[in-house]
Amino acid sequence: MKQYAMLWGCTVQTRLPSIEAATRRMLDVLGFSVRDLEGASCCPEPYTSALIGRELWYALAARNISLAEARKLELMTICNGCYDTLFEVNETLKQDDSLRERINLTLLKIGKEFKGSSEIRHIVEVLDEDVGLDRIAASVKRPLSNLRVALHPGCHLYRSKTMEDYDRKPKILENLVRLTGVQLIKYGLEKMCCGYPQRQADEEMSLKTTLATKLQRIQESHVDCLVVVCPGCCVQFEYGQIELRQRYNLDFGVPVLHLAELMAVALGISAAEIGLETHRSPVGKIIARLESR
Amino acid sequence: MNEEITAKLKEHLKEAFIEAVAPREGRLTVELSKECLLQAAEYLCREYDARLVTISATDLGLDIQLLYHFSIPKLLVNLKTIAPKEDLRIVSLTPSIFGANWIEREIHDLFGVEFEGHPDPRRLILSYEWPRDNTPLKGLRKGLASDFQKPTMENLLSTGQIFPMSLMAKRQRVEMKIPEVLPTTIANPEALDEVQTVVKGVGFDRRVGYDWKTKKMRY
């Protein structure tokens, strides 16, 4: 069986610890262990360092991957942004010999080497392929059949090695959400970006044009909550709703949960145990319904 | 000859020597800190009979880059140094190499670089009525990162993570019975040192204008 190191990512550890708590409890219940990636830095995030200094982006991501390689572990993440960075750097460095040599010269100064022996895995892939959908289905103690859920896969979940493979992970995500027993509601804008990266260029456009458009459609679908699989998207949907209300008087009131949190509740873990009340979107109003079965 | 001059300048300048690049046959660019510019220039003139061809200046946004072009038979050696816009003082070569005289005066007029020790620092090409604080080829001090990106960069370079670990987050983590702090660069000084070595190794700190002392951008 493959052994995994988890890169939790900056957003989860500092701003959304409930996602980490839910993931740890969920994996415990499923009997699947992961190790924290010791000495990890930011992945680094793809919107600043990758745009301003691509060499640093490659080098820091390669360092994180080398930490897993040195321990002979596969690298796993619960963040689409981390996945995008690590996946792209891993694949690029495996294929581009001269770039890999250059980056390894930099890593040599800190006694590290990128070998290209590790694969980068998103948690939805690990849950599907290593844990198994049957095992998850058998572990569901609290089917959430009274919950109408909209899904936002997030742009970077479509990152893949081949064109044919581009929607494999979003489909796995749908299957995982369905295992919790919820009613999955289609709203037609699933593939639309949440607008988080657009904040770099135009905050108003990110909020009013992108986020509000998406939230409007979700609200019209009369769902109880939105489920995401990326902490960056979660921040955009949660803090973005606060900003839309304060700056533009647009109130959507859509609760936002990460996949791991939804699954943890379905596996019988209490909302209080994983700190669901710490969310900045109105998750409180669905907690009673989450735990009603 | 390239290797010989590089090795000797490296030995002569010690820590002031930053790097040497030979882009093609007959060209050598040696980057050094501005404090040792005079020492390097005098060394080239004394040991290799070098002749100062000219000096060129470029506004890099945060710094003024100065290239001192020296001619040695079959080789052009460029001494490259940086004058940060916060402190545009640099030693004048004119007392040692008189050919630098008018070039330094021109760069002073256009970029505001103060050549310390220049024997005749009068204006050369700007008229005497031209405002003292207006240097036509020197732009505002600005770097690559936008205001929105600065906190992200500052956190990444100072802690290895892009968000600070707040007391509230720590308290929430304890209440959720997960580790108060993960074993990342936040809790591991050796790992952070590795990250910062990588940052310096690829020149990212200089590229974005990060000040290691204040842990802030210079703009």
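User: Leaving aside neighbours within four places in sequence, which residues are in contact with Leu86(A)?

Analyst: This is a predicted model. Contact here requires C-beta atoms within 7 Å. Beyond its sequence neighbours within four places, Leu86(A) is in contact with Cys43(A), Ala61(A), Asn64(A), Ile65(A), Leu75(A), Thr77(A) and Ile120(A).

User: Which are the edge strands of the open sheet in chain A?

Analyst: The sheet has four strands with parallel pairing, in the order E2-E1-E3-E4. An edge strand pairs on one side only. That applies to E2 (34-36) and E4 (120-122) of chain A.

User: What is the bridge partner of Met6(A) in E2(A)?

Analyst: Strand E1 (residues 4-7) of chain A runs parallel to E2(A), and three bridges join them. In E2(A), Met6(A) is partnered by Asp36(A).

User: What angle does the direction of helix H7 of chain A make with that of E4(A)?

Analyst: Helix H7 (residues 123-139) of chain A packs on the sheet. It touches E1, E3 (74-77) and E4 of chain A. Its direction and that of E4(A) make an angle of about 85°.

Technical notes
Residues numbered from 1 in each chain as written. Chains lettered and ligands numbered in written order. Predicted model: local features only at pLDDT ≥ 70, side-chain atom pairs only at ≥ 80, totals over all residues. Contact = placed C-beta atoms within 7 Å. Pairing = 2+ DSSP bridges. Helix = DSSP H or I, 4+ residues; strand = E, 2+ residues; numbered from the N terminus. Axes fitted to C-alpha atoms, helices over the stretch in contact; angles between N-to-C directions.
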